[in-house]
Structure formats: structure tokens, C-alpha cells
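Student: I have a new model to read. Can you take me through the terms used for it?

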Amino acid sequence: MAGVQVTPAAVGRAPWGGSVSGVGSTTGLFAGDWRRKARRPACSVWALRQNRSSSRSKGGLGIVCNLAGQYEDSFDDVQRQLMNYFTYKAVRTVLTQLYELNPPSYRWFYNFVAVNKPTDGKHFLRALSKERQELAERVMITRLHLYGKWIKKCDHANTYEKISDENLTLMRERLMETVIWPTDDTNTEKIG
């Protein structure tokens with residue numbers, strides 16, 4: 001039965017991959033999978049104990065978990081995604097403007113965008129500024145302008161409410177999928 005977990009990966013393993021007790025284990029993670037090396041656990045008691053002993057001096061406890069990050073994490077990744085999205089939107093806007101006003105520049109920029117994807121804004125703008133500085137500046141100014149327009153129209157309370165409503169709808173749908181409704185089948189009982 002591949003996929004059935006036989007032994008927990010965290011038992012007797014140190015975070016650096018060695019064995020805590022000094023005895024190495026050849027047991028695989030799954031039945032029939034003895035060649036696979038044990039992975040580092042997502043949440044481990046050993047790491048929790050290590051974190052607890054080091055965090056007592058700081059005055060708090062912390063849970064070590066590699067799945068979804070920590071609550072204390074910053075939202076730099078969200079900020080980076082927003083910047084990348086506004087770069088992408090600015091590139092689309094500049095492409096539209098060039099299509100109408102300057103077809104040769106449009107063709108060059110279109111080919112550049114096809115080769116250098118604007119999904120990583122910083123990398124894209126660096127490469128564009130090496131090729132054509134004036135287009136890079138135009139994209140940067142357009143990106144800033146679009147962000148300014150968005151921030152004026154963005155209603156954070158409305159966004160919070162939309163997320164909350166969507167979560168509630170999804171939970172309700174999932175509940176409806178898991179509930180077994182009684183059937184109204186009178187033919188199942190036969191009176192003799």
C-alpha cells in the first residue's frame with residue numbers, strides 16, 4: 001500500500017538529517033518505499049523543544065512549523081506580488097499606448113515582453129532599462145500612476161468583507177457536500 005505512512009519521519013531524527021539517538025534509520029516514510037530518504041518534518045517536537053528553550057529567555061513560546069510560515073512573518077511577499085502585478089499592468093498599458101501612437105516601438109517592446117516576462121517586475125525593469133531606458137522609465141511612471149489610482153479606489157473594509165463572505169460560502173459548500181441527507185424512499189420497507 002504505497003502512500004500509507006508507516007512511521008513518523010520526526011521520530012529520532014535531528015533537523016540536520018542525522019539521528020538524535022546516534023542510530024541511523026533505514027526505514028522509509030511509506031510502505032514499499034525503503035529507498036527514499038526521510039524528509040524533514042513539517043512540525044517537529046524536537047524543533048519545538050529547541051525553540052521553547054531558546055524563547056523562554058525572550059519571554060514567550062513559539063511553534064516551529066514549516067508549512068505555512070509563522071504569524072510573526074512580514075507580508076513582504078504580498079508587497080512583492082502587488083509590485084509585480086502593477087508592473088505587468090503598466091506594461092500592458094504602455095503596449096496599448098505604443099500600439100496606437102508608435103507602431104515600430106510597439107513591435108520592439110512586444111518582442112521584448114515576449115522574451116522577458118514582466119511577472120518579475122524588478123528583473124524585467126532592469127533588463128528593459130539596459131535596452132531602452134526611456135521605455136523603462138515610462139513603465140515605472142505608469143506603474144506608480146496605476147498604483148496611486150488603485151490605492152484611492154481600494155476599500156480595505158470591503159475587501160475584508162469579500163474575503164470573509166467567500167470563506168463562509170466555501171465552508172457552507174463543503175458542509176453541504178459532507179452531510180448525508182436521509183432519503184425519502186418508501187419502497188425500502190416492505191410490509192409482509
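The talk below sets values against definitions.

Tutor: This is a predicted model, where local features need pLDDT of at least 70, side-chain atom pairs count only at pLDDT 80 or more, and totals for chains, interfaces and linings use all residues. Residues are numbered from 1 along each chain as its sequence is written, and side-chain values use heavy atoms, leaving out hydrogens and water.

Student: How do you know what span to expect for α5?

Tutor: The expected span is 1.5 Å times one less than the number of residues. Helix α5 (residues 133-153) has 21 residues, and 30 Å is expected. The model gives 31 Å from first C-alpha to last, close to that value.

Student: Which residues of α5 are called buried?

Tutor: Buried means under 20% relative accessible area, exposed over 50%, and partly exposed in between (1.4 Å probe, protein chains only). L135, A136, V139, T142, R143 and L146 of α5 are buried.

Student: What puts them on the same side of α5?

Tutor: Their arc around the axis is only 125°, which puts them on the same side. The arc is taken from the directions from the helix axis to the C-beta atoms. On the other side, E134, I141, L144, H145 and K152 are exposed. The cover over the buried residues of α5 includes α2 (76-101), α3 (103-115) and α4 (121-131).

Student: Why are the buried residues of α4 said to line one face?

Tutor: The buried residues of α4 are G121, F124, L125 and L128. They fall within an arc of 95° seen down the axis, so they line one face of the helix.

Student: Where is pLDDT below 50?

Tutor: pLDDT is the predictor's confidence in each residue, from 0 to 100. The chain mean is 75, and 58% of residues reach 70 or more. Over residues 1-34 pLDDT is below 50. Residues 44-49 stay under 50 too. Where pLDDT is low, the predicted coordinates should not be read in detail.

Note on methods
Helices (H or I, at least four residues) and strands (E, at least two) are DSSP runs, numbered from the N terminus. Contact means heavy atoms within 4.5 Å.
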